[in-house]
Structure formats: structure tokens, C-alpha cells
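Please look through the structure below before reading on.

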Amino acid sequence: MPKKLQIGLLGEHLGHSYSPEIHERLADYDYRLIELKPDRLADFLKKGAFDGLNVTIPYKEAVIPYLDTLSPVAARIGAVNTIVRGQDGKLCGHNTDYEGLAALLRANDISPIGKKVLILGSGGASKAATCVVEDMGGTPVIISRKGENNYQNLSKHADAAILINATPVGMFPENGSSPLSLSHFPKLEAVVDLIYNPLRTALLLEAEVLGITAVNGLHMLVAQAAAACALFTGEAQKQAFVAQITKDMTARAENIILIGMPGCGKTTLGRRIAADLSRSFVDADEALEEACGMKIPDIFQKEGESGFRIRESEILKKLGRERGLVIATGGGAVTIAQNYPYLHQNGKMIFLDIPPTGLPTEGRPLSAAHTPEELYQKRLPLYRAFADVTVKITRDIEENLTRIKEALL
């Protein structure tokens, strides 16, 4: 039986890498994470036992002096994200980010032909994006802190049609940060953020609000992995699997968030959904009470609704950064606009819509002060605005579970 190839991902901090999961679906080789400090890089490349490597931040350029040859694309870009050891033991550097980004643009019908494309950043990913845009017929303009085109003269580029973020600004754990405002670019057709954690950065959320096509970098990550896999194994590329792997990984990473009226069954249904999908469940109200050391009615009594909403938003901001959860929100979470980006950055929101008559009010301060019918009429537009999906539910738990699962599919 042939010995398994020894493949790895080389970087400095790899705690949140998706690469092992992707490569496991692409090929049968051993794939490990190799975290190295810069002072160990040279020794590893000279003496390490590996057949191939993927390379990520901060080593895409630093590895080049230790390689024997570069592919034409890697030489042109000046950055390497894939290293293959030949049968002669020599190391060849490749750049499959090029193929990954080209695949992402094609999959989302984003064409640079004849268009100005702004590329944020000046590192390896930016260089790959520049080559892709040029080869696809676009005019790339690199925006950097100190370059000729920088963040102080963005008005020069109001005619830009596509923007590609090749910086880490907005990436976990710095969720909510954005490299710039899209208000500078009234003719934008598409925004591509090479970040994929969170699934929707602040930049992409702004694009969505403006009705601009917004795409994260997960498809690129999977597509470049498929190209690298072909180099490692010598087999044909498995690009046919890229779309399905991307879809599956998005679904697993995305939080399932239940919104709806107080007492409609979000907690009961959330626990069942989480159990069926082998996910963790969080009740936002329970998380709030635990964090505050007080019950919700006591918070209302001591701090009023405004104080409660501030505390609730803090909890939702924290939960929204997590991935793969089922989250039941409080009935009034939709009354604070800022909660939308907190929840939507990694979440699919499902509005559980039920006639308000007869909903329980015990232990719910606002439900006791207003009839369920009054609250429903006031909040219905907000539930609809937050929701990705609306599911009409009844008092039948099993029927509701079936409807929610169908909506998720």
C-alpha cells in the first residue's frame, strides 16, 4: 500500500483554519496544521518532513528564498501559497489563490471586463487579485495606506464598479471593523471580501444594505484548495466539488437564529432543532440573566427597558460572533437596529410567525404591560425586516419542527 502523502498548512496562527476539513473532502492524505514562529521557518523548510504545504499569513512571501523553483503564476505574483516537493526532493512554489479568486468571480457572475476594480491591501492576496483582474479584462487599482492611491483620496475612484478587500480588516476577532465606507463609490456593482470569518463582514453587510452584490471569500478558499490538491496528488482538479463543499461549510458555520413574539416557542423549538442537528443551543434571555446575575423582570424594574436593551445588545453582539449555534432571541431583540448586524454577520434568522391571541405573558414585563396583539402589530414590520425566512407556526411542536427544517433546507 503506497505511503500517504504528508501535507500541511504552514502559518503562524492557525487556530480557526478550515483547511483540514476542506482537504479531507478532497483527497486521502494526512493533513496537519503547522504553526511556526518566524525564526523556525528556514529550518523547517530545509529539514521538515512533508510532501506538500499550503502557506498562509505571514509566510506567503517569506518562503520564496527557500524554494528551488516557482511556477510562472507564483513568480508573476511574487507570493506563494502552495509548495510541492518533487520526486527529486526540490521544492516548487505555486499560487493557487489566483485560481481560487477567478473561480469565485465566475461562480458569482462578477465580471471585471472593462471595469475599474479597487483592491484593498498590498500583500500577497492583493497581488494575486491584481493579476486575476488584469487577466479577466479589468483595470485594477490598489488602495493602500501609503501608496499613490490611498484611503485619503478615495474620491478619485468614484467610478469603481467592483471592490475586493484583500486586507484582514473585519476578520474575527475584530468583527465589526471595516476598511472604508462604500458611500464613496456610487457605481459599485459588487463587493468581494476575501475574509470568511465572519461570513458577513461589516463591509459586506453595508453592501447588502445598499443592494450591492456581496460575496465572502469561502468559495475562493475551497477553490484554491482544490487546485492545490491537484498539485499535491497529480490528479485532475476536483472543481466540481467546490460549490457543494462551500455550501455545506456555510450551512454548518451559520447560526440558526429564531426571532418572534414572546411566548411563541422559540426556546422549546430551538432546543429540539439543536438536538436534531447536533448543535449547541443558547437562549439569549437565559444568557443575559446569567451574565447579569438577575432575572429579566428585575432588570426592567431596576434599569427600565432602555437599560435592559443595552444589556441585551451586548449579549447578542457576543453570541453573533459565534458559529454553528442555534440561538433563541428575546421577543424584543428586533426593536434595536444594531442587533441586526450583530446577528446577521454569522446567522440565518427565522421569524416564527404565529397569531398573537393567547400567547403567554407571565414573567414577561412588556407582554404584561401591552396585549400580545398590540406588541405583534408594533413589531411585525421589524420581524419581517430582520428575517431571512418566515415560518408560519401553530401550537403543534412537531408540525412546527417539520416546517422549520423545510425552511432551513
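**From the pocket to a buried loop residue**

Helix 7 (218–233) contributes four residues to the lining of the largest pocket, the most of any such element; helices (H or I, at least four residues) and strands (E, at least two) are DSSP runs numbered from the N terminus. The model is a predicted one, in which local features need pLDDT of at least 70 and side-chain atom pairs count only at pLDDT 80 or more, while totals for chains, interfaces and linings use all residues. Residues are numbered from 1 along each chain as its sequence is written, and side-chain values use heavy atoms, with hydrogens and water left out.

The largest pocket has a volume of about 1400 Å³. A pocket here is an open set of points on a 1 Å grid over the protein atoms alone, where a 1.4 Å probe fits and protein lies on both sides within 12 Å along at least five of seven lines, and lining residues have an atom within 4 Å of a point. Of the 48 lining residues, Thr56, Ile57, Lys60, Pro168 and Met171 are the closest to the centre of the pocket. Besides helix 7, at least two lining residues each come from helix 1 (19–26), strand 3 (52–55) and helix 5 (124–135).

Helix 1 also has a buried face, made up of Ser19, Ile22, His23 and Leu26, where buried means under 20% relative accessible area (1.4 Å probe, protein chains only). Because these residues cover an arc of only 90° around the axis, they lie on the same side of helix 1; the arc is that of the directions from the helix axis to the C-beta atoms. Among what covers them are strand 1 (6–11), strand 2 (30–35), strand 3, helix 7 and helix 8 (242–253).

Turning to the cysteines, the count of disulfides, each a pair of cysteine sulfur atoms within 2.5 Å, comes to zero. The sulfur of Cys92 is too far for a bond, because the closest cysteine sulfur, in Cys131, is 16 Å away. Cys229 is likewise in no disulfide, with the nearest cysteine sulfur, that of Cys92, 17 Å away. Cys229 counts as buried, at 3% relative accessibility.

The last stop is Ile393, in the loop between strand 16 (389–392) and helix 15 (397–408). Ile393 is buried, with a relative accessible area of 4%. Leaving aside residues up to four places away in sequence, Ile393 touches Cys264, Leu352, Asp353, Ile354, Pro355, Asn400 and Arg403, contact meaning heavy atoms within 4.5 Å. The C-alpha atoms of Ile393 and Phe351 are separated by 9.5 Å, although the two are 42 residues apart along the chain.

Key
Points joined across faces, edges and corners; volume = space filled by probe spheres on them. Buried < 20%, exposed > 50% of the residue type's maximum accessible area, 1.4 Å probe, protein only.
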